[in-house]
Structures are given as structure tokens and as C-alpha cells.
Amino acid sequence: MIIEKITRTDFPRIKKELAQNFLPEGEIIETVRGIIGDVQKNGDDAVKKYTLKFDGFQLASLAVSEDEKQKALNEIPEDFIRILKKSKANIERFHKNQLPSDWEIKPEEGQTMGQLVRPLSSVALYVPGGKAAYPSSVLMNAIPAQIAGVERIAIITPAGRDGTVNAGVLAAASVLGIDEIYKIGGAQAVAAAAMGTDSIAAVDKIVGPGNIFVAEAKRQVYGLVDIDMIAGPSEVLVIADEKANPAWIAADLLAQGEHDERAGMFLITTSEDLAEQVAIELTKQASALSRNLILAESLKYAKSYVVETLEEAFVLSNMIAPEHLELQIENPSAYLNLVKNAGSIFLGAYTPETLGDYMAGPNHTLPTSGAARYASPLGVYDFLKRPSYLSFSETALKSLSDDLQTFANLEGLTAHANAVKVRCS
């Protein structure tokens, strides 16, 4: 871990350094563009070709068969099914509170207007399956869509080199009642879901995190379909005072560091001594963990910033806008009003980020790479549309006729003005 003692004058430099890592390299952009074009032209054949090239197995069928689903369920311990169901209930309990409703107003005589809330028709959920498989992502992506009322939910997820999808992922899909599952991943899966092939009907939106090629593919198909966000590597930022436990902080940083060699691990503290203790703990704990090789790489980029006050810590944190923000300080709730930019906030030493990943209830699909400055966690609202409607009587239209025609003529849109004029002359 790199420890740096800083002042506010260093904050702009830090922000610039982090922003330089956001855009993908030109080679990745062109590779993805070629894959999308191939899938658009050749459909299933292109998807199978890239699956063989990148994932190492020949696809007979893009869809996961009923036999494969049943075999996976037979492999899963009953206790894991129980845990999935418990997580499902907690996630549903949280997200049901996000459901908006239709509304209508009658601002003046003869005027009626309002907003409808309608679900998307179809969504594809991308579930990662590279360095690790994530049944939790099935729950987090699907449950808000189900609560919103999405009729068709399809899962796209890469299989292993043996051509099978992770049993835990299939078990999670079963618990949620999702039957449409495709064992494809990467940019080719995103392209297939966005444009449709003989095997996969096109969807309206694609959600879920993936590697840099998946993220770039989502960027390139946006407009043809909607997407949730451009997900970068996972990241966590811990704000800690001198009384925080260095072993606990290190454990929480490593929990994110094991996701990816490029994962972001940040500590902002008022105690240089604590920063040094955390650095020691990181090395000690990482060596004993199963994903120590990934951690060895991600730790090269871990940063610890020592600031003078907690108020400065929050200013810097808001500038970084982390995916996960942990407040391991005394009375963390008292500082919640200082948080402006964060994907999900964990208050207190007994609220590790692991809670948010699996079972607490809030969503774990979160904005990364500083996107928390303008984006929110995945939720029910991401699967809803909000069309508006209006109804005017003859009298109500005539009361605005002159102003409407003047406004339209000022913009040079005489046909707009005429559409009012013919009714009110």
C-alpha cells in the first residue's frame, strides 16, 4: 500500500490521476466494435465462434438445457438454497420500497396531466463468470426487475471451459423462477442480447457488471438498448479515525481487492500510525487468502491518504466518489450528511461491505470509477419507464393559444404554431 500524507492542495492531482484510468484503450474499443459487427451480421455463428476463441469450448446450443439446470440443482447443498432464499427475502424487502406510483394533477380548469409508471418488457442480466461466479449478482439484478414487473428476464453468463454454467448461478436463477439462461459471455453476449440472433430475442435493456470488454460492449450498444451503467473494477474507500481496528480495515480492503487486479482500495485517515498498521495487515492477511495472486497485483495500487481532519477526509472521498464507502469512525451517523458521492455507505465497524454484497438488502450493483457523482445503485426504478400524458379542453387550449403560437414562431416552427391556430381561429 502506498501511504501519502496530503493537504487539500493535492486533491485536484489525485482526482486527475484516478480519471486517467477511466477510458478503455483504443485496441479494446476496436476489438469490441469488430465483435459487435460480426454478431450483427452472422448471429449465432459469430457468438459460437467467439465463445470457442475466448472461453475455450464449442457451443452446441446457446441456451442452458433443462437437464443442465437439474444437474446443477442436484449438486447444490440444501443449506445454500436456504441462504439464497433468505437473501432473496431481504433484497425484496428493501427494494419494494422503491416502487413509485402513477400520479395526476389538474392545475387549472380544463387541464389534466400526469405520469404513468410502466415496466420495461424485456431485460438481459449479465452475470460474470470469469475470475469468479456470482450467484449474488443473479439476485441483485433480477429481483428489482421482478418487483418492477418486467415480463421477460434472460440471463447471459459465460460458462467454464467444460461448457457448463456455475451451479450456484443456476440455483439462484431457479430460486427466482428464471428459466431463460444462455451460456455465453463477453462482448458477443452483449451484442447478441442487444441485436438478437436466431437463438436469442433482443431485449430492451442490459444490466450487470462484467470485464472491460463487456463494459465497452455495453457502451457501444447503448442507444439501441438501454444499459444500467459502465461498470469498472470494484472499489472500496474506508474513512477511519485513530481508534479504528487496522485488521478489520485491511480485511475489508482485501474483500474488494480479490475481485480484480485493477480493483480500487483506498484508505483515508487522520492517523499516519493507523495507515502504517493497515499496510502491515494487508500484506499479512493477503498471503493467507486463496486469491493471493490477484491480491498481490491489486495491492500494488492500494492507496492510503493521511489528512489533517475528518472533514477533509469527506471532501476527498466525495471527489473520488467510491463504489463502496465505509465509515469506521466514532459516531459515523453524525457524519452521514457530509457524504455527497458514494454508491453504498456502510456505517460503523460492524458493518463490513460483505453485508451489502450478499444479504442485507440494498443492491450491490453500484456505480464505479467516480460515477457515483451522478449515478445511483441499481434499483426498481432502473426497470421502469415514466411516460407522461395530458388532456386539454377547448377553453383551456384557447387560454394558451396566443402564447403557444408566439413561442413556436420565435423558434421558427410555424407548423407548430399552425396546429394551435387551426383549432382556435
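**Dialogue on a predicted model**

Biologist: Which residue's backbone nitrogen is approached by a side-chain oxygen of Asn-211 at the start of α9?

Modeller: At the other end of the helix, the contact runs from side chain to backbone. An oxygen of the Asn-211 side chain reaches to within 3.0 Å of a backbone nitrogen, which belongs to Phe-213.

Biologist: Is Glu-216 buried or exposed?

Modeller: Residues count as buried under 20% relative accessible area. The value for Glu-216 is 3%, so Glu-216 is buried.

Biologist: With which residue does the side chain of Glu-216 form a polar contact of 2.8 Å?

Modeller: An α-helix has 3.6 residues a turn, so residues three or four places apart point the same way. The polar contact links two side chains at 2.8 Å, and the partner of Glu-216 is Gln-220.

Biologist: Which elements do the buried residues of α9 pack against?

Modeller: The buried residues of the helix are Val-214, Ala-215, Glu-216, Ala-217, Lys-218 and Val-221. Their packing partners include both helices and strands: α2 (26–42), β5 (122–126), α8 (186–195), β8 (205–207) and β9 (226–227).

Biologist: How many residues does the largest nonpolar core have?

Modeller: Those with the most contacts inside this core are Leu-125, Ile-155, Ile-156, Ile-178, Ile-184, Ile-206 and Phe-383. Leaving aside residues up to four places away in sequence, Ile-156 touches, among others, Leu-125, Tyr-182, Ile-184 and Val-190. The core as a whole has 70 residues.

Biologist: What distance separates the C-alpha atoms of Leu-139 and Met-359?

Modeller: Leu-139 belongs to helix α6 (residues 135–148), and its relative accessibility of 2% makes it buried. Beyond four places in sequence, its contacts include Leu-84, Ile-91, Ala-172 and Leu-176. Met-359 is 220 residues apart from Leu-139 along the chain, yet their C-alpha atoms are separated by 9.8 Å.

Biologist: In which order do the three strands of the open antiparallel sheet stand?

Modeller: β2 (103–105) and β16 (388–392) each have a single partner strand, so both stand at the edges, with one side left without a neighbour in the sheet. β2 pairs with β3 (residues 111–115) over three antiparallel bridges, and Glu-104 stands opposite Gly-114 in β3. The order is β2-β3-β16.

Biologist: What angle does helix α15 make with β16?

Modeller: From one strand of this sheet to the next, the twist averages 15°. Helix α15 (residues 394–410) packs on the sheet and touches β3 and β16. Its direction makes an angle with that of β16 of about 95°.

Biologist: Which residues of β14 point to one face and are buried?

Modeller: β14 (residues 344–347) has side chains that alternate between two faces. β14 pairs with β13 in the parallel sense over four bridges, and His-324 has Ser-344 as its bridge partner.

Biologist: Where is Ala-321, with its positive phi near 55°?

Modeller: Ala-321 has this positive phi although it is a residue other than glycine. At 0% relative accessibility, Ala-321 is buried. Its place is in the loop between α13 (310–320) and β13 (324–328).

Biologist: Is Ser-369 buried or partly exposed?

Modeller: Ser-369 also is not a glycine, and its phi is positive at about 55°. Ser-369 lies in the loop between α14 (353–358) and β15 (384–385). Its relative accessibility is 32%, so Ser-369 counts as partly exposed.

Biologist: What share of the 425 residues in the protein chain is buried?

Modeller: The chain has 16 helices and 16 strands, and its C-alpha trace spans about 85 × 60 × 45 Å along the principal axes. The accessible surface comes to about 20700 Å², with 52% belonging to carbon and sulfur atoms. Of the 425 residues, the buried share is 49%.

Terms used. Residues numbered from 1 in each chain as written. Predicted model: local features only at pLDDT ≥ 70, side-chain atom pairs only at ≥ 80, totals over all residues. Heavy atoms only, no water. Pairing = 2+ DSSP bridges. Axes fitted to C-alpha atoms, helices over the stretch in contact; angles between N-to-C directions. Contact = heavy atoms within 4.5 Å. Buried < 20%, exposed > 50% of the residue type's maximum accessible area, 1.4 Å probe, protein only. Polar contact = N/O pair within 3.5 Å; in protein donor to acceptor, adjacent residues only side chain to side chain. Areas by Shrake-Rupley, 256 points an atom, 1.4 Å probe, with all protein chains shown as cover. Core = buried A, V, L, I, M, F, W, Y, C linked by side-chain atoms within 4.5 Å.
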